[in-house]
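Okay, thanks for coming, everyone. Let me put the structure up and walk you through a few spots.

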Amino acid sequence: INPVDIQLTKPKILVYRFILAAFGGILLIFALLFALYFTQISDPYTQQVLSLAGDRERGYAIFEINCAACHGKYADGSVGPSLHHVPQRKSKINLIQQVVSGKTPPMPKFQPEAQEMADLLEYLEHL
């Protein structure tokens, strides 16, 4: 074997290894995202909320009591962001997680009863 041929094949092998590693990394990211989604959708509270029909008027009352101080009386933002068109930016599952987690300070952790959460989602969908 000619030493020049060996030197020319080494970069090809490195490129193939890089492509394989990048592909593996992408697959790992997709697997983690799928696992996160499956964990969220399999949450009993989330499943219960999604199985219920919400009432917009009751949702507004819940919003006024628990959310309006930060998001504004008309949900147009104050301390917290505007919630207009929020269902176009976040799925119902993500909205539920946002409300109940308290992971986005200064928003407090808040876990309403499942029917109340369904009502709140119904109200938010019509902003």
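Predicted model: local features only at pLDDT ≥ 70, side-chain atom pairs only at ≥ 80, totals over all residues.

Numbering starts from 1 along each chain as its sequence is written, and side-chain values use heavy atoms, leaving out hydrogens and water.

So, the helices, meaning DSSP runs of H or I with at least four residues, numbered from the N terminus. Look at α2, residues 44–51, and α6, residues 92–101: their axes come within 11 Å and cross at roughly 125 degrees. Axes here are lines fitted to C-alpha atoms over the stretch in contact, with angles from 0 to 180 degrees between N-to-C directions. That makes α2 oblique to α6; oblique is whatever remains once you take out under 35 degrees (roughly parallel), over 145 (roughly antiparallel) and 65 to 115 (roughly perpendicular). Who touches whom? On the α2 side we have Tyr45, Thr46, Val49 and Leu50, meeting Lys92, Ile93, Ile96, Gln97 and Val100 of α6, where contact means heavy atoms within 4.5 Å.

Next, the backbone. Proline 105 and proline 106 are joined by a cis peptide bond, omega about 10 degrees, and proline 106 sits in the loop between α6 and α7. Over in the loop between α4 and α5 there's alanine 75, whose phi is positive, near 60 degrees.

Note on methods
Helix = DSSP H or I, 4+ residues; strand = E, 2+ residues; numbered from the N terminus.
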